[in-house]
Structures are given as C-alpha cells and as structure tokens.
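I opened my notebook to go through this one piece by piece. Here is the structure I was looking at.

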Number of protein chains: 2
Amino acid sequence: MAPHRPRPIIAIGINSTGYHGNSWKLGEGDPARYQQFDHYRRVTEIAHAGVIDAVFVSDHPALMEEGATRPLHSLDPITLFAGLAAAVPDIGFILTASTSYNSPYNLARRLATLDLISGGRTGWNAVASFNPKVAANFGSAPIDDHEVRYRRSHEFLDVVLRLWSSFVPPTADIDKDGPALWGKGAIRPIDHAGEFFHVRGPLNVPPSPQGRPVIAQAGGSAQGITFAARYGELIYGSALGRQSAAAWSRTIRAQALGFGRPADSVKIIPGFVPVIGSTQAEAIRRYELLSQETADAAIARVARTLDLDPATVDPDENLAKRDLRPAADRIAPIGGFEALAGLAREENLSLRDLATRVDGGHRLSVGTPDVVAEAILDWWRDGTVDGFVVQPPVLPEDLTVFVDEVLPILRREAGFPDKYTEPTLRRRLALPDADDSIPNTLPEQKKVSLG
Amino acid sequence: MAPHRPRPIIAIGINSTGYHGNSWKLGEGDPARYQQFDHYRRVTEIAHAGVIDAVFVSDHPALMEEGATRPLHSLDPITLFAGLAAAVPDIGFILTASTSYNSPYNLARRLATLDLISGGRTGWNAVASFNPKVAANFGSAPIDDHEVRYRRSHEFLDVVLRLWSSFVPPTADIDKDGPALWGKGAIRPIDHAGEFFHVRGPLNVPPSPQGRPVIAQAGGSAQGITFAARYGELIYGSALGRQSAAAWSRTIRAQALGFGRPADSVKIIPGFVPVIGSTQAEAIRRYELLSQETADAAIARVARTLDLDPATVDPDENLAKRDLRPAADRIAPIGGFEALAGLAREENLSLRDLATRVDGGHRLSVGTPDVVAEAILDWWRDGTVDGFVVQPPVLPEDLTVFVDEVLPILRREAGFPDKYTEPTLRRRLALPDADDSIPNTLPEQKKVSLG
C-alpha cells in the first residue's frame, strides 16, 4: 500500500436502470424505474450502507428515442440529488451539468443550494455539450467548435468560482439587536464582463460547510486535460490501458502543479465497469447476458469509437501497427479515442480484443470478486489512479454484489472505510480547502466594472 | 357557504425568515436561517400538520445587498423544494421561476423532475422578470419592454406545456421480454420554431401522477390578466379592495372561459398577510414591532407604489378624487399599482390610510384570530376568491399561530380539511385533468418542422 494515499476513492454511477442499455430487462426491478425517485433512493441507500464516497450521474438533456434501450438520462440531476440529499445522510453527490446550455448565475445558484441542502456533500462534473440532438433542444445555434467550447467553459468556471465567494455573510453569532445581517465586507460583486458572459453578482447563496462544491472533470483531449488540470479536483475520464492511464494521470498532475495547485488537489477516478460472478465462467455468462450483442456488433461499435470503418478493417488486425488518428471532423470527445487507441498500442490488440476490454468507453473487469478487486487495487497501489467511478451494469443488483463481495476485499487490502467520519465530501476525499485547491487566476484586466 | 366551492384553498408563503424584512431579528429563530434547509423543513412540517394545501415561494435571482433586511430569496426554489418533497409528504409545492432567464427545455425538465419526486405535488408560478439587478446577472441584454416580455412568456408556456406531453411512455405492465420500453406512439417531438425559441424535443422526463405541474400566475396588468386567463390555474396576485378584487376575478374567469377553459380550471388565491394577537391591541402592537417603520416612511413607500412623489402629495388627501395612472416608464408590475389605486378609489383612502391596509403589496389583516379568519371568509363566501396565499410575517412562529388559532375557525365555518385525502396537488385543488384545464391553442402554422 503506497503511503501517499490513504485508501481508494470509490464513487458509484447510478444513472437510470444501470450502466447497460439492456438493464431495464434484467433483474428484479421495475423496467420503468429510470423515472422513479424511490429507485434512486434505494440505490443510494445501498451505496450508503457500503460507506461509498459518493454517487455519480452523467447527464445529457435530450431523449435518446430508441426504446430498445433505457433512457440513460431522464430526471434532472440537481433536482434528483436534492431529493436524495434530504433522504440519505453522509454520502456525496457528484452530478454532471453542462456549461453549454446553462447560465453561470443560475447554475452556480442551484449547485450552491444543493451544497447547502446536503451540508457540503456536492460535486459538480462540468462538461461542454457536443451532441447535435442536445443543441436542437436549445435553439438553432450551431455547435461551437472544440476550441470555442473550451474557451467558453474556462470563462464559465471562472465566473462560477467567483460567484461562489461573492457573498460570504456571517452565519453564526449574529446580533439580533445589531443593525444588519451582514456588513459591507460580506459582499464582493464580481462585475464580470468577458467574451461569453456578463455577470454582475453577487450570488444570493452563501458558502456551504465545504466552502463550495467539489469540481469534477472528464477531459481527455489536449484542451480537456488542461481544463481538468486547471479546475478539476476529481478527474473522471476514460482510462483503459495501464501505461497510457499512467501517462494521462502524470500529465494532469504535472499541469495542475504548474497552475499553482497543491499535489493533493487532484484525485483521478476513471470509470470502471465490474461484471461479477462467483466463478470466472459465471461472470462471463453474466457479461453475455448483459451485452446481448453479437461479436460483429461489438466490433463495429469499437471501430466507430476509433473513427474506423468496420467494413474495411480486419477485426483481428493488430491495431498497434496502424497510425490511429481521430477524424478531422470528429464531434465526440477526443478522450474516448485516445484511451482506446492507447490500450490497443500498449497491448497489441485487435478490434475483437478491444470489444472485450471496454464497455461504454470505460474499463471492463469480468470475473470473481477477487479478480475485480485486484483490477481496482492494481492501478491504485502505485498511484496511477486514486480510485474509480464504478458503473454497475444493472441497478440495484450489481451494486449490491459489489458492496457485499468486492468492498470487503478493498477494506482488508487497502483500508477502505467501514464508517463515515467526515461531514463533507471535500474532507472525505482529503482535498485541500476550497480556496487553496483551485487558485483564482482570472486575469485582472477582465475584471471590468459594469458600473 | 356558497355551494360552488367546497372550502377555501390555503397556501403558505415560506420565503426566507418570513414575509417581513425585519423577521431575521424577531422571534426565537436563528437570524441566518434563510439559508438553512432545516428551517424550511420545519416550516413545511408545521404547514403539513395544519393540512395546508401547499407551500409557496416567490423568487428573484439576485441578491438585495441591503444587510438590514433579510435576503427574501436565497436558495434556488426547485432545488429547495426537491429536498422538501423528499422529506415532507402530502403537501403541495408551488414555486416561482422566470421565463426570462431560463431555457424552456431545462426548466420543463426540472419542473417535471420535481413533479415526479413529489408524486404530483408541484405547481409553477411562471413570471417574467423586470428587475435591472436581475438582468445584470444574465448578460448585458436590455430589459425587454412589457409587451415583448409577455409575448416571450406566451411562447415559453406553449413550449413547456407541449414538452410536458412530448414523451408519454408506459410506466406500468411493461413486458421485459418485449423489444422496447416504449413504442413509437410514446414520442411526440414538438419541433417548435418560434419568435424566441427553437426546441425540437421530446422532453426526456415522462408525466407525473398529476400529468404535469399546476400552473400559477400573478398577472395584474391587461396583458398579465390575459396571460393568467390563458395559462393560470392558480392566480396569485395583488387584490386589495373588495370591489376591485371582485372585478379582477370576474375578468380573469370570463377570459378563461373565452379561451375554452372550464370554469373550475381557475382558482384565485391572492396574497394575504395576517398579524395576529389575542386582542386587537396586542395585534396592533405586534404590527408595530414587525414594521419598525415611521409613519412617514410607510407613507412614502405607498406613494412610490402609486408612482406619486411623496414630497408633493398631502398624506391625508382622499386619493379617490385623483386621476391615478401608472407612470409611462414604470418597470414594476402594473398589478401592484392597479390593486392599490382600486382600493383607494373604492374606499376613499389617503396615503396614510393605505399604509395600514397593505403590506408588501398584499392585503393586510391585523387582529384577533376571529378577525383574521373573517377577513379570509368574507372574500371567499361569495366567490370573489377561492382562497389565499398566506404570508406569515415571521417564520415559523406566525405560521404556528395561524395554524393553531385561525385554521380551526376555517374548519368550523368553511370545511377546511383536517386530513389529506388526495395524492396530487391538482386533485386536492379540485382542478380538472391537465389536458382539459389548459387546451393547447398554439397555432398550427407555428409547428414548423426542424427536420
């Protein structure tokens, strides 16, 4: 056990009926539970019983209209998590919200509200949207190109971070016979006038017990990595090959130091899909049941992620010998491409091999509880990652199996906790105080007064 | 008791530390409770114990920077109510959200999510923002003029209503061995291309047990009344004088019928501020404690609401003899002006008189529980109103007094309920089914396909 990190961080993805598209058909649950609050409450309670650090949801404000799969995203994440935070103690809530289709003031306010309701247990995974189906729900504006998307996201984060410290009134020991609830020093209007946003401030919500929400990021492209290193405290992204994951991780940590951030302000927790059986054969049978996909379909899916035409590539060709490059007009995140290409290169894999190693863009582990636990511990021990966002294929049952069978091994081998001891997500993750973790580097010349 | 309405509707305003600016100083509560979830939970639990129909919050996404008063609006309403809905059963949740600084897709989704979390207990008070301080938090765009504001709001409501019926999948008796969670008939993209919005749809959240949230409105101007009559199921607004309130109420009900809406689809529940004492003298003393305002300051405040210069008007002049008109450049809602001018006209009142009859734009009743209950019943018996949104000056104590002292009189005299019997807000308020209550009248020619 490496001395530099006390124990692995484990978050649980709780989207919909489970990570797998077929999850609505499988198991005991109501097929329509993707829209039932009680389903999410039950899943969160199971995670809480396992002393999991946080539940996590991705998001996508559009309906995928294919009824054969479950809607991966239905209930609004902040609204859902506010209900869950009132119902389930201790556990953290990390949600995804887009910088493309929200205004900084409204989103900063909603996140600050959730952070107060939860008593400082909120994390925000800030993403820039790229999907044309999403854009069609928010006007006819064309989708920004990759660079503009990130420039907008940088400015969005700068504004939100400053809003979160723009109204800091006393919240204890206030004299009721005094003249006011707060003095002038409590208010710091941000007067932001930038390329994309004009926001006067201050925010009307004060800080929470953890200061502000923890910021999560999933950047994989060059710009994405810089964005993650600048603002990300939790880094959630695609990490598939051990060597390329280590290189990705080193790059982010080094860039974060370059931004003046402390070493412990960045925790790397990529996605991880466990398929667990009491024997290896049983685990493989479960994976076959879950995927319900022909080998050809799986190969074609992997090929498309690599911007390859499945019709023209031999599925058994060693891709390490190819010069793999993302298509010039690629809209989907570069990170998914890089992670998959890196895995092929370092292990000399073909499309057929890749299809059994990756699930929905994340690292797949099919095996007994020991095998799955070791897959987690192997990357954690030497500091390649700080933990994982575990994506159970079917909820709640695959979460129950993970909590009952895998977590005891992580407790025994790596000191995973058996009770909650810190009240906030920030403290539980051993992150620095909010002001130290992400220094404010907004250029002074941008602070134009709006009068 | 008029046969046409079974009993008065009572909602409770639960903003901040109470309706009065000084409420942070008064009573036993923590002065900083405006940002504490547990405060709102306690208030909602007291309302629930009283079998109140719904709690209500107004909203304003900006900080009023005057520390001598409490922030009237801090926590984001939808996020707050999602937490409360998970914590408190039965009671309804009516929140305010702006059509000016939200996108229809995101807001429709958040409201639909709250409606599912609450099991069909949500109401949405749709408002158009007019305050320059709010605008400054959402870019430098100039504030739309009154007519444009309403045109935008009409289109916003049309889009939101159609989004709420754009994805209607089966949610029970789904065959897990079948091919899909829903068939093609479940999906109705709205393909909206209008003056202000382009929204393809469908929404990714299905209907709740009450179909969709109940729509509340506060319109007082001519355009506001038309808007309320077209979309409002609950009408919350300024009603101060008995005769002008009756005229306002008749106008809205008549226009609603003209829009093809059923008579029972509109419930009129203006604001009402109770100041209760065990004797009349005690109630007056409490009002003096609450207002902590000189008579001159109160008179000046009323004058400004009437667009009069307090320096040039005799505070004892009978205003009924003046030709009161809103200023041409008035930005604040016309409804507040009309209600106050109407009261002055019908009762021959001066500025000094008005200052004791109105509180923050709403009807004020200062007296014993019998006096306050009679002020409610007097307007309800003949159908002028269907009930009130009661605004306790200090929370929670003035709510506790209202629940303990006034509600028993409403039970005895008007059949106010002593238990919850309907699961949804819509049913509790005896509103028609969602599809019947607000017919879809969006012109066919606006339904342009976006391909």
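My entries below go from the sheets to the interface, then to single residues and salt bridges.

**Ground rules.** I am working on a predicted model, where local features need pLDDT of at least 70, side-chain atom pairs count only at pLDDT 80 or more, and totals for chains, interfaces and linings use all residues. Residues are numbered from 1 along each chain as its sequence is written, chains are lettered from A and ligands numbered from 1 in the order in which they are written, and side-chain values use heavy atoms, with hydrogens and water left out.

**Sheet of chain A.** I started with strand order. Chain A has an open sheet of 11 strands, S9-S8-S7-S4-S3-S2-S1-S13-S10-S12-S11, with mixed pairing. For the terms, strands (E, at least two residues) and helices (H or I, at least four) are DSSP runs numbered from the N terminus, and two strands pair if DSSP finds at least two bridges between them. At the edges I found S9 (267-268) and S11 (358-359) of chain A, each pairing on one side only.

Next I walked through some pairs. S1 (9-13) and S2 (54-57) of chain A run parallel with 3 bridges, and A:Ala11 has A:Ala54 of S2(A) as its bridge partner. S1(A) also runs parallel to S13(A), joined by 4 bridges, with A:Ile12 opposite A:Val390. S10 (271-276) of chain A is parallel to S13(A) too, over 2 bridges, and there A:Phe272 is the bridge partner of A:Val390.

Which residues cover the faces of S13(A)? I noted A:Gly387 and A:Val389 on one side and A:Phe388 and A:Val390 on the other, all buried. Buried means under 20% relative accessible area, exposed over 50%, and partly exposed in between (1.4 Å probe, protein chains only).

Helix H2 (77-87) of chain A lies across S2 and S3 (92-98), running at about 165 degrees to S3(A). Axes here are lines fitted to C-alpha atoms, for helices over the stretch in contact, with angles from 0 to 180 degrees between N-to-C directions; contact means heavy atoms within 4.5 Å.

**Sheet of chain B.** In chain B I read an open sheet of 11 strands in the order S9-S8-S7-S4-S3-S2-S1-S13-S10-S12-S11, again with mixed pairing. S9 (267-268) and S11 (358-359) of chain B have a single partner strand each, so one side of each is left without a neighbour in the sheet. S7 (214-217) and S8 (234-235) of chain B pair in the parallel sense over 2 bridges, with B:Ala216 opposite B:Leu234.

**Interface.** I counted 77 residues of chain A in contact with 77 of chain B. The buried area is about 5,900 Å², 59% of it from carbon and sulfur atoms; that is the accessible area (1.4 Å probe) the two parts lose on being put together, summed over both. On the chain A side, A:Arg109, A:Lys176 and A:Leu181 lose the most, together 12% of what that side buries.

How many salt bridges are there between chain A and chain B? I found 2, taking a salt bridge as a side-chain nitrogen of Lys or Arg within 4 Å of a carboxyl oxygen of Asp or Glu. One joins A:Asp59 and B:Arg109 at 2.7 Å, N to O. Elements giving two or more residues to the chain A side include H1 (37-49) and H3 (104-117), and H3(A) gives the most, with 8 residues.

**Two loop residues.** A:Ala218 sits in the loop between S7 (214-217) and H6 (222-231) of chain A and is partly exposed at 34%. Leaving aside neighbours within four places in sequence, A:Ala218 contacts A:Asn125, A:Tyr236 and A:Gly237. B:Thr368, between S12 (362-367) and H12 (369-381) of chain B, is buried at 18%.

**Salt bridges.** Over all chains the count is 38. A:Arg230 and A:Asp158 pair at 3.8 Å; A:Arg230 lies in H6(A) and A:Asp158 in H5 (146-163) of chain A, so the pair ties together parts 72 residues apart in sequence. Both residues are buried.

B:Arg426 is buried at 3%, and B:Glu233 is buried at 0%.
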